[in-house]
Amino acid sequence: MWSPDTGTRPGDWVACMALVPKVVVKAFSQEEVARLVALAARLGVHLTFRAGGTSLSGQSVSDSVLVVLAGGFRGWRIEAGGERIVLEDRVLFDTARAR
């Protein structure tokens with residue numbers, strides 16, 4: 001049913017799941033990511049990043065370029081006397097909590 005308030009129908013939110021990337025790129029380092037971002041900016045291409053995990057709301061789907069962080073990206077450091085932890089993109093919460 002169409003809603004005049006939002007202009008959407010029930011179930012429209014799943015349309016993003018039908019997106020298929022034109023290209024999937026595996027990035028293995030921060031330097032590769034930096035080069036991809038620079039190239040995409042120069043070409044006017046949108047990038048979507050996927051680091052891991054799952055999502056039912058489509059944050060890591062794209063109809064453009066999907067960049068999969070495939071290499072390391074597992075670094076971490078503790079700062080401020082143990083008050084803060086800084087995690088790279090592929091560090092799982094349970095792994096960080098165990099440290």
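**View 1. Cover over helix H1.** S1, S2 and S3 are among the elements that cover the buried residues of H1. Cover here is contact, meaning heavy atoms within 4.5 Å. Helices (H or I, at least four residues) and strands (E, at least two) are DSSP runs, numbered from the N terminus. The model is predicted: local features need pLDDT of at least 70, side-chain atom pairs count only at pLDDT 80 or more, and totals for chains, interfaces and linings use all residues. Residues are numbered from 1 along each chain as its sequence is written, and side-chain values use heavy atoms, with hydrogens and water left out.

View 2. Val33, Leu36 and Ala40 are the buried residues of H1. They cover an arc of only 60° around the axis, so they sit on the same side of H1. The arc is that of the directions from the helix axis to the C-beta atoms. An α-helix has 3.6 residues a turn, so residues three or four places apart point the same way. Glu31, Arg35, Ala41 and Arg42 are exposed, on the face turned away from the buried side of H1. Buried means under 20% relative accessible area, exposed over 50%, partly exposed in between (1.4 Å probe, protein chains only).

**View 3. Length and end of helix H1.** H1 holds 14 residues (residues 30–43), which should span 20 Å at 1.5 Å a residue; its end C-alpha atoms are 20 Å apart, which agrees. The expected span is 1.5 Å times one less than the number of residues. Gly44 follows H1, with a positive phi near 70°.

**View 4. The open sheet.** Three strands lie in the order S1-S3-S2, with parallel pairing. Strands S1 (23–27) and S2 (47–50) are at the edges with a single partner strand each, so one side of each has no neighbour in the sheet. Neighbouring strands are turned by 25° against each other on average, direction ignored. Five bridges join S1 to S3 (residues 65–69). Two strands pair if DSSP finds at least two bridges between them. Val24 stands opposite Leu66 in S3.

**View 5. Ser64 and Val65.** Ser64 is found in the loop between S2 and S3. Ser64 is buried, with a relative accessible area of 16%. Its side chain reaches the backbone oxygen of His46 at 3.0 Å. Val65 is found in strand S3 and is buried, at 12% relative accessible area. The C-alpha atoms of Val65 and Val25 are separated by 7.3 Å, yet these residues are 40 residues apart along the chain.

Key
Axes fitted to C-alpha atoms, helices over the stretch in contact; angles between N-to-C directions. Polar contact = N/O pair within 3.5 Å; in protein donor to acceptor, adjacent residues only side chain to side chain.
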